[in-house]
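The questions below walk through one protein structure for someone who has not seen it before. Each answer ends on the value or name asked for.

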Amino acid sequence: MVRRQLPRVRRIHAQDRWDGLAPASHPLPTAHARVTSGRTLLARGEDADVFAIDDTRVLRRYRRRAVPEREVAIMRYVRERGYAAPRVIDVSGHDLTLERIDGPTMLADLRRRPWRFRTHALTLARMHRELHAIPPPDFLGSEGAAILHLDLHPANVMLPRQGPVVIDWANAARGDAPFDVALTAVVLAGAPVGPPLSWLRDWFVRAFVGEFAPAEWRVGVDRAVAYRRADGNVSDKERDRLTKLHL
């Protein structure tokens with residue numbers, strides 16, 4: 001595969017933010033982590049809070065519902081087949097205990113070291129390929145030949161020393177792999193940011209999709225745009241950008 005030469009990245013200042021892309025649980029800076037009910041709050045998402053239990057475990061507590069059984073099942077399933085997902089330790093009512101993954105997200109590392117965009121784009125592409133190569137379980141349904149994460153972007157890849165780990169499996173489903181790849185490209189390309197982060201975003205997307213043949217992602221773009229636009233968490237600004245998106 002012939003890859004186009006991409007321009008050199010200039011340093012991005014710490015105050016710049018990639019606001020259009022965020023994980024389901026937003027990590028809190030260490031200095032701002034709060035202690036709640038005797039535990040340190042590490043991250044707060046729309047559906048759950050994540051607390052530190054100790055150096056090896058975290059507690060993900062869902063606010064309005066019990067722990068989703070399918071999310072637990074898919075994490076266990078892919079992990080048993082060698083894929084890098086958090087280890088499930090215990091499930092009880094609203095509480096999900098997981099192994100603690102120490103390290104930044106890929107997104108945080110991109111903000112800090114933007115010149116590593118190509119390395120991270122290739123890693124993200126590899127995580128897609130490895131996931132899609134795992135035979136899907138029956139509990140995800142019968143349509144499609146692959147496991148889809150449907151939220152596999154830099155904010156949901158942790159980077160501990162042992163290697164990348166994919167988090168936030170709430171949207172996992174069975175389907176066609178090109179849709180999953182296209183959705184990642186659409187989520188990234190649709191992030192409404194200005195220069196210099198928009199340049200980094202565009203270079204990252206080009207490097208990411210450059211790892212796939214057109215048939216491995218382009219066929220899923222229209223559906224991915226529609227899926228993203230239908231997401232109630234998408235801002236009006238991003239939804240408007242998606243209507244004009246060209247990949």
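The model is predicted, so local features are given only at pLDDT of at least 70 and side-chain atom pairs only at pLDDT 80 or more, while totals for chains, interfaces and linings use all residues. Residues are numbered from 1 along each chain as its sequence is written, and side-chain values use heavy atoms, with hydrogens and water left out.

Q: How many residues of strand β4 are buried?
A: Buried means under 20% relative accessible area, exposed over 50%, and partly exposed in between, with a 1.4 Å probe and protein chains only. In a regular strand the side chains alternate between the two faces of the sheet. Strand β4 covers residues 48-52 and is mostly covered, the number of buried residues being 5 of 5.

Q: Which residue of β4 is the bridge partner of T40?
A: Two strands pair if DSSP finds at least two bridges between them. Strand β3 (residues 39-45) runs antiparallel to β4 and is joined to it by 4 bridges. The two form a hairpin with 2 residues between them. The partner of T40 in β4 is A52.

Q: Which residue in β5 stands opposite A52?
A: Strand β5 (residues 57-62) pairs with β4 in the antiparallel sense over 5 bridges. Between β4 and β5, which form a hairpin, there are 4 residues. Opposite A52 stands V58.

Q: How many helices and strands are there in the protein?
A: Helices (H or I, at least four residues) and strands (E, at least two) are DSSP runs, numbered from the N terminus. The protein has 247 residues, of which 49% count as buried. The count is 7 helices and 11 strands.

Q: Is T105 buried or exposed?
A: T105 lies in the loop between β7 (95-99) and α2 (106-112). Leaving aside its neighbours within four places in sequence, T105 is in contact (heavy atoms within 4.5 Å) with P154, A155, V157, M158 and L159. Its relative accessibility is 11%, so T105 counts as buried.

Q: What kind of aromatic pair do Y83 and W169 form?
A: Rings of Phe, Tyr and Trp (its six-membered ring) pair if their centres lie within 6.5 Å; planes under 30 degrees apart count as stacked, over 60 as edge-to-face and the rest as tilted. By this rule there are 5 aromatic pairs. With ring centres 5.8 Å apart and planes at 85°, the pair of Y83 and W169 is edge-to-face.

Q: How many residues apart are Y83 and W169?
A: Y83 counts as buried because its relative accessibility is 4%, and W169 counts as buried at 0%. Y83 is in the loop between α1 (69-80) and β6 (88-92), and W169 in the loop between β10 (165-166) and β11 (173-175), so the pair links distant parts of the chain. The separation of Y83 and W169 is 86 residues.

Q: Which residue lies over the face of F179?
A: F179 and Y227 form an edge-to-face pair, 5.5 Å centre to centre with 85° between the planes. F179 lies in helix α4 (residues 177-189) and Y227 in helix α6 (residues 221-229), so the pair ties together parts 48 residues apart in sequence. A charge sits over a ring if NZ of Lys or CZ of Arg is within 6 Å of the ring centre and within 35 degrees of the ring normal. At 3.8 Å from the ring centre of F179 lies R223.
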